[in-house]
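Subject: Structure for your review

Dear colleague,

Please find below the structure that I am handing over to you. My notes on what was found in it follow directly after.

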Amino acid sequence: EADKSIAIRSATAKEMGATTKYTASDAADALNYLAMAGYTAEQACEALPDVLNLAQSGGLDLAYASDLATDAMSALGLQMSDLGTFSDQLAVAAQKSNTNVGQLGEAILTVGGTAKNLAGGTVELATGLGILADNGIKGAEGGTALRNVILSLTAPTDQAAKRMKKLGLNVYDAQGDMRPMNDILNDLNGVMGDMSQKQKTNLLNTLFNKTDLKAVNALLANSGARFDELSGYIESSDGAAVQMAATMESGIGGAFRELESAVEGVAIAFGERLAPYIKLAAEKITELANRFAMLSPKTQDMIIKIAAIAAVVGPALLVFGKLTTGVGSLMKVFGPLFKILGGAKNATGALSIAFKALTGPVGIIAAVIGVVIAVMMRLYKTNAAFRDKINGIWAQITTAFQKVQVVFGAVLAKMK
């Protein structure tokens with residue numbers, strides 16, 4: 001079961017890495033945050049596209065967006081299936097008021113479960129925070145202010161409750177549920193219509209905390225038409241997060257981020273194809289090391305000496321063998337030319353220089369590389385299993401580079 005969950009998350013992370021600005025590593029981190037919040041692998045993978053849209057639309061760090069999504073859903077009593085709608089509402093609230101998705105997120109986390117009392121749910125919540133942001137009360141400060149206003153209305157002090165009753169200001173409806181915030185604010189504006197400024201100030205000081213009066217006055221000043229206007233935009237926000245994310249990623253910066261994501265996809269493809277061979281090699285080396293450690297010190301010393309001799313003699317024999325053939329060929333090809341240019345003496349000097357080059361470090365390395373390539377080519381031609389494995393790896397690499405080519409082409413197109 002655990003292996004299945006890991007496989008599901010891995011496949012989803014790679015898919016998101018290939019299709020969004022975020023890398024597979026970013027997507028994997030987001031899935032881990034969702035898992036820590038209690039979501040199963042299937043639930044986390046289903047929610048991830050909405051989390052990515054939330055992060056993209058607000059220019060948020062993916063880990064923070066995951067935290068915001070899970071914490072906000074929990075605080076507001078929402079299901080993860082509501083995340084798409086919630087993200088759309090935040091996107092429009094950020095567009096239509098003086099704030100951004102990140103600040104709205106901070107505010108919502110600060111309001112917390114108090115917002116469950118709002119009759120209009122997340123629409124009313126985003127509207128109230130948007131209005132406060134228009135008046136310079138943003139982020140956690142805006143969340144604190146709105147929370148305090150809600151608490152002052154729903155759980156007033158004894159003195160405040162008496163004043164509200166005397167004025168006929170009803171916070172709850174006949175069923176005992178909180179009335180829409182805009183209706184309560186409109187009623188409060190109504191009862192203060194004939195009051196002097198001093199009387200208004202005294203009333204507000206009685207109903208609310210003095211530190212929250214700036215927020216209260218901002219909400220009162222924007223109740224009615226402005227509240228309804230912003231609320232209407234937010235309520236009709238379907239698809240806004242996806243659209244905003246696409247807009248933010250439509251420039252050259254977005255294209256480069258997609259390229260970075262695709263390049264990581266290539267690296268992952270390489271790593272996954274090479275991992276079994278690296279693991280096998282590591283196991284063999286470990287096995288040999290363990291066997292060597294079990295030998296007597298005398299035997300170990302002998303093996304070390306033999307290996308040292310082989311390290312020196314092996315390449316020398318290889319080079320000498322190549323030189324035997326190579327020198328003969330050189331004499332056949334260049335002998336007449338050397339005679340023409342200056343005789344046998346010059347030919348001997350030229351061959352001496354060639355011999356030094358071939359027996360030096362560069363010549364030895366070239367010889368070793370040549371042998372390795374020859375062995376690989378021989379195996380490829382004669383061993384079907386080896387040939388199929390090489391062809392499979394090459395197909396994976398080709399596919400990965402094709403994805404990078406497509407994204408890089410998009411980058412170049414936007415640079416023109």
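Two residues are in contact when heavy atoms of theirs lie within 4.5 Å. In that sense, the buried residues of helix H12 pack against helix H7 (121–134), helix H8 (139–154), helix H10 (181–191) and helix H11 (197–207). Helix H12 itself spans residues 213–221, and its buried residues are Leu-213, Ala-215, Val-216, Ala-218, Leu-219 and Leu-220. Please note that this is a predicted model.

As to the overall make-up, the protein has 19 helices and 0 strands. Of its 416 residues, 36% are buried. Among contacts with a separation of 6 or more, 68% join residues 24 or more positions apart.

The largest nonpolar core holds 77 residues, and those touching the most other members are Leu-125, Leu-146, Met-181, Leu-188 and Phe-208. Helix H3 (residues 41–58) supplies the largest share of this core, with 8 residues. Setting aside residues up to four places away in sequence, Phe-208 touches Val-149, Ser-152, Leu-153, Leu-188, Leu-213 and Val-216.

Gly-224 is placed in the loop between H12 and H13. Is Gly-224 buried or exposed? Gly-224 counts as buried because its relative accessibility is 15%, and the cut-off for a buried residue is under 20%. Its partners, not counting residues up to four places away in sequence, are Asn-182 and Asn-186. Gly-224 and Asn-182 are 42 residues apart in sequence, yet their C-alpha atoms are 6.5 Å apart in space.

Ala-225 belongs to helix H13. Ala-225 counts as exposed because its relative accessible area is 64%, and the cut-off for exposed is over 50%. Between the C-alpha atoms of Ala-225 and Asn-182, which are 43 residues apart along the chain, the separation is 9.6 Å.

Helix H13 (residues 225–235) also contains Ser-231. With a relative accessibility of 15%, Ser-231 counts as buried. Leaving out residues up to four places away in sequence, Ser-231 touches Val-123 and Thr-127.

In helix H11, Lys-200 deserves a brief entry. Lys-200 counts as partly exposed, at 27% relative accessibility. Beyond its neighbours within four places in sequence, Lys-200 is in contact with Met-192 and Met-195. The C-alpha atoms of Lys-200 and Asn-189 are separated by 9.6 Å, the two residues being 11 apart along the chain.

Helix H4 (residues 62–76) packs with helix H6 (residues 101–111) at an angle of about 35°, and their axes are 10 Å apart. The contact involves Tyr-64, Leu-68, Asp-71, Ala-72 and Leu-76 on the H4 side, and Gly-102, Gly-105, Glu-106, Ile-108 and Leu-109 on the H6 side. The crossing of H4 and H6 is left-handed.

Finally, aromatic rings were considered. How many aromatic pairs does a search of the whole structure find? The search finds 0. A ring does, however, take part in another arrangement: the charged end of Lys-96 sits over the ring of Tyr-233, 4.4 Å from its centre.

With kind regards

Conventions:
Residues numbered from 1 in each chain as written. Predicted model: local features only at pLDDT ≥ 70, side-chain atom pairs only at ≥ 80, totals over all residues. Heavy atoms only, no water. Core = buried A, V, L, I, M, F, W, Y, C linked by side-chain atoms within 4.5 Å. Buried < 20%, exposed > 50% of the residue type's maximum accessible area, 1.4 Å probe, protein only. Helix = DSSP H or I, 4+ residues; strand = E, 2+ residues; numbered from the N terminus. Phe/Tyr/Trp six-rings, centres within 6.5 Å; stacked < 30°, edge-to-face > 60°. Lys NZ or Arg CZ within 6 Å of the ring centre and 35° of its normal. Axes fitted to C-alpha atoms, helices over the stretch in contact; angles between N-to-C directions. Left-handed = near helix turned anticlockwise from the far one by under 90°.
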